[in-house]
Amino acid sequence: MQLEIKILTKMFGKGMVGLSDFSIIIEKGVLGLLGPNGAGKSTLMKIIATISKPTYGSVLLDGEDIVKNPDLIRKILGYLPQDFGVYPNLNAYEFLKYIAAMKGVGGAGLNKRIDMLLEGVNLIADAKRPIGTYSGGMKQRIGIAQALLNDPKILIFDEPTVGLDPEERVRFRQLISEMAGDAIVILSSHIVSDIETVADEVAIIKSGMLIEKNTAPEMISKVENKIFEIALSQSEVERFKSQYLVVNTTRQSDKMLLRYISGTHQPAANSRPVNATLEDAYLFLTKTQPYIR
Ligand SMILES: Nc1ncnc2c1ncn2[C@@H]1O[C@H](COP(=O)(O)OP(=O)(O)O)[C@@H](O)[C@H]1O
Ligand SMILES: [Mg+2]
């Protein structure tokens, strides 16, 4: 299975651009869509989920255009929108049965599947209370469960880890790894650590354009040997920041410890090389790289 997104553009009124000539090929596995707020992640996901139509461009599922023929993807799609709404008076069982009916999922296995999903998102104990009484993280988890109801071949999760505590994040990653199988899974986040451990590939998007699509190790290799730490006094920090791309600053007794990317420059004197992370690569790529057109 393959999704080919071809020169997709989405313009909103008043010259607002959601996506700009965006092209990418997505194959089975987990793709992490990483980008700052306003980058166009939700716009892209809505178009793939056929909730929104592009201004121009096409989305081909195994060569067939789903913009023209949305039914091709709808029956194999699981989608968690960023602004997922719930029915406050239904409990988890009732809600999932309702969604199942909407998606045309039924049959003898349905109750078992619902139990398995509720187990997977750790909601069994709360499954009989109204969703209106759930915390933000619990609502997010029921949203994850509903996206998985129809055993989807294409899964789109828009900022799924928002509101989840660290333990819930770990469970979510496990669930995704279990569910991924042969599916195409697309996850978005503006937080690197949410994507890093679960994604086979990462696509960095900014201002409606693709900056880079690659595996995390490949991305990290682009900044390998370019990441340093330096201890400076408070008064030296501002000048240093005007010369180097500083990715983190921490206080260390009377000094400031700066983590920075040397880029094409020589590192400053008295710096110490440190291992590069995906966070470093993300900041480097979003702050310095030209777009892929
Ligand atoms: N319905 C809309 N009307 C006008 N502008 C929009 C609308 N939806 C998104 N945008 C704009 O499109 C850009 C991309 O938004 P979005 O896809 O939501 O970004 P992300 O999900 O990466 O935070 C932003 O500049 C946003 O303001
Ligand atoms: Mg969004």
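My entries below go from the ground rules to the metal site, the domains, the cores, the rings and a few loop residues.

**Ground rules.** I am working with a predicted model, where local features need pLDDT of at least 70, side-chain atom pairs count only at pLDDT 80 or more, and totals for chains, interfaces and linings use all residues. Residues are numbered from 1 along each chain as its sequence is written, chains are lettered from A and ligands numbered from 1 in the order in which they are written, and side-chain values use heavy atoms, with hydrogens and water left out.

**Metal site.** Which protein atoms hold the magnesium ion (ligand 2)? I found Ser-42 (OG) and Gln-82 (OE1) as its protein donors, 2.0 to 2.1 Å away. Donors here are N, O and S atoms within 2.8 Å of the metal (3.2 Å for Na, K and Ca), and water is not among the atoms, so sites may look incomplete. Ser-42 sits in helix H1 (residues 41-48) and Gln-82 in the loop between strand E6 (77-80) and helix H3 (92-103), so the pair ties together parts 40 residues apart in sequence. Helices (H or I, at least four residues) and strands (E, at least two) are DSSP runs, numbered from the N terminus. I checked accessibility too: Ser-42 is buried at 17% relative accessible area, while Gln-82 is partly exposed at 44%. Buried means under 20%, exposed over 50%, and partly exposed in between (1.4 Å probe, protein chains only).

**Domains.** I noted domain 1 (2-215) and domain 2 (225-275), with bounds from an automatic or database domain assignment. Their centres, taken over C-alpha atoms, are 38 Å apart. An unreviewed UniProt entry places "domain: ABC transporter" at residues 3-232; such annotations may be inferred rather than shown by experiment. I read that span as 32% helix and 29% strand, with its end C-alpha atoms 49 Å apart.

**Cores.** Which residues touch the most other members of the largest nonpolar core? Ile-142, Phe-157 and Val-185 do, out of 57 residues. Helix H10 (residues 278-288) gives the most to this core, 6 residues. A nonpolar core is a set of buried Ala, Val, Leu, Ile, Met, Phe, Trp, Tyr and Cys residues joined through side-chain atoms within 4.5 Å. Another core lies apart from it, with 29 residues, including Ile-24 and Leu-33.

**Rings.** I counted 8 aromatic pairs. Phe-84 and Phe-95 are edge-to-face, 6.1 Å centre to centre with 70° between the planes. Tyr-87 and Phe-95 also have centres 6.1 Å apart, but their planes are at 40°, so that pair is tilted. Rings of Phe, Tyr and Trp (its six-membered ring) pair if their centres lie within 6.5 Å; planes under 30 degrees apart count as stacked, over 60 as edge-to-face and the rest as tilted. Phe-95 is buried at 0% relative accessible area, whereas Tyr-87 is partly exposed at 40%. Ring pairs link Phe-84, Tyr-87, Phe-95 and Tyr-98 into a cluster.

**Loop residues.** Asn-122 lies in the loop between helix H4 (110-120) and helix H5 (136-147). Ser-253 has a positive phi too, near 45°, and is exposed at 64%.
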